[in-house]
Amino acid sequence: MEALLALVIGVLTGCGVYLVLRARSFPVVLGLTLLSYAVNLFLFASGRLVIGQPPVIGAATSYTDPLPQALVLTAIVIGFAMTAFVIMLSLRARAELGNDHVDGRSDT
Amino acid sequence: MNLFLAVLTPFIGAALVAWASRRGRAHAAWSAGAVALLALALLLPAMVASFAGATTIQRLSWIPAAGLDLVFRLDGLGLLFSLLILGIGLLVILYAHYYLSAQDSLGRLYAYLLLFMGSMLGIVLSENLIQLLIFWELTSLSSFLLIAYWRRREAARRGARMALAITGAGGLAMLAGFLLLGEMTGSYELSVVLASGDTVRAHPLYGTTLALVLLGAFTKSAQFPFHFWLPHAMAAPTPVSAYLHSATMVKAGVFMLARLFPVLSGTPEWTWWVGGVGLVTLLVGAVIALFKHDLKGLLAYSTISHLGLITALFGIGTPLAAVAGVFHIINHAIFKAGLFMAAGIIDHECGTRDMRRINGLWKFMPYTATLAMVAAAAMAGVPLANGFLSKEMFFAEAVTAGGQMRFGWLLPVAVTVAGMFAVAYSLRFIHDVFFNGDPIDLPKTPHEPPRWMKVPVEILVVLCLLVGIFPAQTVEPILAVAAGAVLQGPLPAHDLAIWHGVSPALWMSVIALCGGGLLYFLRKPLFALHSRLEGRLDARAIYEQLLEGALAFARRVVSLVDTGSLQRQALLLVLAVLVLGAVGMLGGQGENAVPLTGTRPQLPLDGLSLMTGLALILVTLAATVLHRSRLTALILISAVGLVVALVFVKFSAPDLALTQLSVEVVTIILLLLALYFLPPESPAESSNSRRWRDGTVAALAGGGAALLVWAMLTRPADSLADWFLANSVPGGGGTNVVNVILVDFRGFDTFGEITVLAIAALGIFALLENLRLRGPTHDSHGGDWDVDVHPLILATFARLLLPLALLVSAFIFLRGHNLPGGGFIAGLVTAIALIMQYLANGVAWTHARLPARTHPWIAAGLSAALLTGLASLLFGRPFLTSAFGHVEVPLIGPIELASVIAFDLGVYLVVVGATLLILINLGLAHQANRFDHERKET
C-alpha cells in the first residue's frame with residue numbers, strides 16, 4: 001500500500017512539474033493544482049497510513065495522527081484561494097497583454 | 001509603565017493628528033502640541049526623581065519565552081534629552097504651523113514629526129541596547145520621510161535617500177557593535193553594560209567593537225567623512241531642519257558617545273579615533289560653512305562643525321571634558337534651533353536663501369534681526385551668550401590635553417583656528433543678511449512675520465541669554481545630573497562662570513574673535529580662491545560612485561537568474577530542488593549510509609486500492625498528455641481531485657475527504673468559468689527537445705518525490721498525536737480531534753489562515769475590477785454558446801435544493817466539534833449551494849435575492865474570530881483560550897457548547913464570503929461581457 005501511494009504522489013508531482021514548465025497560463029494553473037494535490041497528500045502521509053481509525057474520540061479503540069490532517073485541511077482551502085488568485089491573474093494578464101503566454105510574449 | 005506610555009504616546013498621536021488634520025490646520029497643530037505635552041506629563045514623575053539622582057527603570061514583559069523584555073530607563077542623560085526632544089519639539093510644532101504654506105499638508109508633517117519624536121524618545125529612554133537600536137533605525141526612517149516631505153522635488157528625494165543610506169549603514173554597523181558588547185558583558189541591558197567597562201576594554205575584540213559603535217555614532221552625527229548627507233538633508237522644510245538636523249537627531253550620535261562613555265572611553269584608541277574625527281570635523285565644517293552662500297547651507301556646515309566640537313570633547317576623555325560636552329549639547333541645541341527658525345523666517349519672507357541677494361534686512365525686520373543676531377553671537381561664542389561658556393570650557397580642555405602629548409601645542413592652535421572661522425561665518429550670517437547694502441532682486445518684499453511665528457525664536461533666544469548670564473542658577477542642576485549619568489560616577493569640580501580670570505582659554509577666545517573679524521574682512525579674495533577649488537574633492541561624488549557600483553553589481557546578479565522568462569525561472573527552481581534533494585539522498589555514503597526503506601510494518605495491498613491507485617495515475621498522465629485540449633484536461637483533473645478525496649476516506653481522514661470534495665467542486669466551477677475567457681486549445685509551441693528536457697526534469701522530480709514518500713512511510717512516526725488525542729475532550733471539549741486542533745489548540749494558526757483567505761479574495765476582487773473580458777460567442781462547432789441560458793429543470797431543482805443544502809451545511813457546522821465537519825466544510829457547502837443558484841438562475845435573479853457584496857461577510861467572520869480570541873483575554877487567559885460547558889436543551893438533550901463555536905462561525909463566514917466573492921465577481925465579468933454582446937447585436 002505504501003508503495004502505491006508513493007507512486008501516486010510521484011506521478012502527481014512529475015505531471016505537475018511538467019505542466020508548470022509549459023508556456024501558457026492555463027496548463028500552468030493545472031500543473032499547480034496537481035502539485036497541490038501531491039503536496040497535500042505528502043503532508044497527510046507524514047502521519048503514516050492507518051486504516052479505519054479516524055481521529056474521533058470514541059469512534060475506535062486507537063486513532064491515527066490528527067495533526068497532519070488539521071494542517072492539510074487548511075492547506076486545501078488555501079490551495080483553492082491560491083489557484084483562484086493565479087487563474088484571475090492570468091485572466092487579467094490576458095486582458096492587458098492580449099495573449100496568455102506566461103511571459104506576456106505573443107511572438108513565440 | 002509611564003515611561004513606556006510616554007514613548008508610545010507620539011506613535012499613537014501621529015495617527016490621531018493625521019486624522020485631526022482633516023478638520024483644519026489649527027486642529028492639527030493643537031492636537032500635535034497636546035500629544036507632546038501628554039508625553040512630557042507622563043515623564044514628569046521620573047524626571048523629578050532623576051533630579052534626586054534616581055534612575056527609573058521600568059520593565060514590561062514582552063516575549064518571556066525568548067527572554068525579551070521591553071525595558072525603559074530614565075536617568076540624568078535621558079532627562080536632558082527628553083527635555084530637549086519634547087521642549088524643542090513643542091516649539092517646532094508651533095513654528096511649523098506658520099511656516100508651511102496652505103497647500104502643504106500640515107497633518108502629514110506633524111504625523112511624521114511625532115513618529116520621529118517617539119523614536120527619539122525611544123532611543124534616549126531605552127535600557128536594552130537592541131531595543132535602542134530599533135528606535136535608532138526608526139529615527140532614520142522617520143527622518144527619511146521628513147526630508148522627502150516635499151516629495152515632488154528631486155533634491156528632497158535624493159537628500160532623503162542619501163541620509164537613509166548613510167545613517168542606515170551606520171545603524172547596521174552599530175548593531176554588530178552592540179551584539180559584540182552583549183557577548184562580552186553577557187547582557188544587553190545598560191545597567192550591566194555600563195558597569196562592565198573594565199571587561200570590555202580588556203577584551204581582545206575591544207577595537208572592533210569600538211570601531212563598529214563609532215561608525216553608527218559618526219554617521220548619525222554627520223562626522224567627517226560621513227558629514228555630506230547633512231547639507232543635502234536641508235532640502236527638508238526648515239522646522240524639520242531645526243528639529244532633526246540640528247537639535248535632536250544628529251545629537252543621537254553624540255548621545256551614544258555619552259551613553260557608552262563609561263564603557264568605551266579611557267583608552268588610546270578612543271582618544272585618537274573620537275578626538276581625531278571630532279577635531280577634523282570641527283575644522284572642516286567651520287571652514288566650509290564660511291563659503292556657503294545658502295543660508296541653510298551655512299547653518300548645516302556650522303552644525304557639522306559644532307557636532308565635531310562635542311565629539312572632540314568626548315574624545316579628550318577627561319571627566320571635565322565630558323561635562324563640557326554635555327553642556328555644549330544643551331547650548332548648541334538652543335541656539336542652533338533658534339537660528340534655523342530665524343533662517344526659516346527669512347526664507348519665508350524673502351522667497352530665497354541666497355545670502356548674495358539677501359542684504360539689508362534690518363530695515364524690513366529689525367525685531368527678527370535682533371533675535372537672529374543674539375543667537376548668532378551664541379554660535380560665535382561671544383561673552384554673555386551660552387555658546388561662550390561651553391566654548392571656553394572646550395578651549396581650556398584643549399590646552400590641558402595638548403600639554404600632555406608631543407606636538408600638543410597643535411591642538412590649541414587648531415581649535416583656535418576653528419574658533420576664528422566660527423566667528424567669521426557667524427559675522428557673515430549677521431552682516432550679509434541684515435546689513436551690507438540693499439536686497440538684490442528678491443521675489444517678495446520682506447516684512448516682520450506673524451506674531452506667533454517669532455515666539456519660539458524668542459523663547460530660545462531668551463534661554464541663550466539666561467544660560468549665558470546666570471549659568472549657575474539656570475543650567476547647573478540639569479547639567480549636573482546629566483553629566484553625572486554620563487560619567488556614572490562623581491562629578492569633577494567645575495565652575496560655570498563668565499569670568500575665570502586671565503587664562504589661556506580667555507586669550508584663545510580673544511584671538512578667535514579678532515581673527516574671525518579679520519577673516520570676514522578678507523572674505524572677497526577667500527571666496528574667489530574657494531570658487532576655483534570647489535568640486536575638487538567631493539565626498540558626495542565618492543558616495544554616488546559607490547552607490548552606482550552597488551546598483552550595477554546588484555543588476556548583474558539579478559540578470560544572471562532573472563531573464564524575464566517564467567519558464568526558465570521555474571526550471572531553475574525545480575533543478576535547484578533536485579540538486580538539493582540528490583545531495584540529501586546520496587550524501588550519506590559509507591558508514592553514514594541510511595537505508596531507503598525503514599522498519600515500519602507495511603499495510604497489505606488490496607485489489608480495490610490497486611485499481612483506484614492505477615486509475616488515479618492513468619487519469620493524471622492522460623490529463624498531462626492531453627493538456628493542450630484544455631477542457632478535456634480540466635475534466636480529467638477534476639476526476640483526479642475526486643480520487644484524492646477517496647484516498648483521504650480510505651486512510652481515516654473523513655474531515656479531509658469532505659473538505660477535498662467540496663473544494664474540488666468549487667475549484668472546477670471556477671476553472672470552467674475562467675476557461676470560458678481563455679483560448680480552448682494551447683498552441684503546440686514547445687520543440688521536441690524542449691519537451692524531452694522538461695519530461696526528464698519532471699520524471700526526476702516525480703521519482704524523487706516518490707522515493708521520499710516511500711522512505712517516510714516505511715519509517716515509524718513520532719509525533720505530538722498522543723497529546724492532542726488525550727487532551728481533546730478534557731481540554732477542548734470536543735471529540736473530533738482535527739476540529740479541536742483547528743479551532744482551539746492551533747486556533748491562532750487558523751486565524752492566520754482565514755486572514756490569508758480573506759486577503760486572497762480581496763486581491764482577486766481588485767484584480768477583476770474594471771476588467772472587461774471577451775468570451776467567445778460561438779463554440780468550436782459554430783453553434784451559439786448560450787442556447788438555453790437557464791434550463792428550467794436545473795433552475796427549479798436548484799431552488800428546491802437550496803434549503804436542504806443549507807440545512808445540511810448547518811448540520812455539518814454544528815456537529816463539527818464532535819464528528820467530522822466544522823466551519824471550513826460547512827462554509828464550502830453553503831458556498832456551493834449559493835453558487836448553484838447563480839449557475840441555475842442567473843446572476844440577475846440571484847443578485848436580486850442575495851446581498852450583492854460579500855465583503856461584509858468576510859469582515860464579520862474575521863471580527864467574530866478575533867473577538868472570540870480577545871474575549872479570553874478579558875478573563876485573564878491567553879489569546880483564544882476556549883471555554884465550554886454542557887447546556888440542556890429541551891427535546892434535543894444535552895449539547896456541548898464551547899466558546900470556539902463562535903470562532904468556528906467566523907471561519908464559516910470567511911469561507912462563504914471569500915468563495916462567493918471570488919466566483920460571483922468572475923461571474924459578473926461574464927455578465928458584463930454578455931451585455932456587451934447583446935448591445936452589439938441590437
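Modeller: Ground rules: the model is predicted, local features need pLDDT of at least 70, side-chain atom pairs count only at pLDDT 80 or more, and totals for chains, interfaces and linings use all residues. Residues are numbered from 1 along each chain as its sequence is written, while chains are lettered from A and ligands numbered from 1 in the order in which they are written.

Colleague: What average pLDDT does chain A have?

Modeller: pLDDT is the predictor's confidence in each residue, from 0 to 100. In chain A, 97% of the residues score at least 70. The chain A average is 90.

Colleague: And how many residues of chain B are in contact with chain A?

Modeller: Two residues are in contact if their C-beta atoms, placed from the backbone, lie within 7 Å. On the chain A side, 76 residues take part, and on the chain B side the number is 98.

Colleague: Which helix gives the most to that side of chain B?

Modeller: Helices are DSSP runs (H or I, at least four residues), numbered from the N terminus. The top contributor gives 14 residues and spans residues 688–713 of chain B. That's helix α30.

Colleague: Now α12 and α16 of chain B: are they roughly parallel or roughly antiparallel?

Modeller: Their axes (lines fitted to C-alpha atoms over the stretch in contact, with angles from 0 to 180 degrees between N-to-C directions) come within 11 Å and cross at roughly 165 degrees. Angles over 145 count as roughly antiparallel, under 35 as roughly parallel, 65 to 115 as roughly perpendicular and the rest as oblique. So α12(B) and α16(B) are roughly antiparallel.

Colleague: Which residues of α12(B) make the contact?

Modeller: On the α16(B) side you'll find B:Gly325, B:Val326, B:Ile329 and B:Ala333. From α12(B) come B:Lys251, B:Val254 and B:Ala258.

Colleague: Is B:Gly437 buried or exposed?

Modeller: B:Gly437 sits in the loop between α19 (410–434) and α20 (451–469) of chain B. Buried takes 20 or more other C-beta atoms within 10 Å of a residue's own, exposed 12 or fewer, and partly exposed is in between, with C-beta atoms placed from the backbone. B:Gly437 has 8 within 10 Å, so the residue is exposed.

Methods
Helix = DSSP H or I, 4+ residues; strand = E, 2+ residues; numbered from the N terminus.
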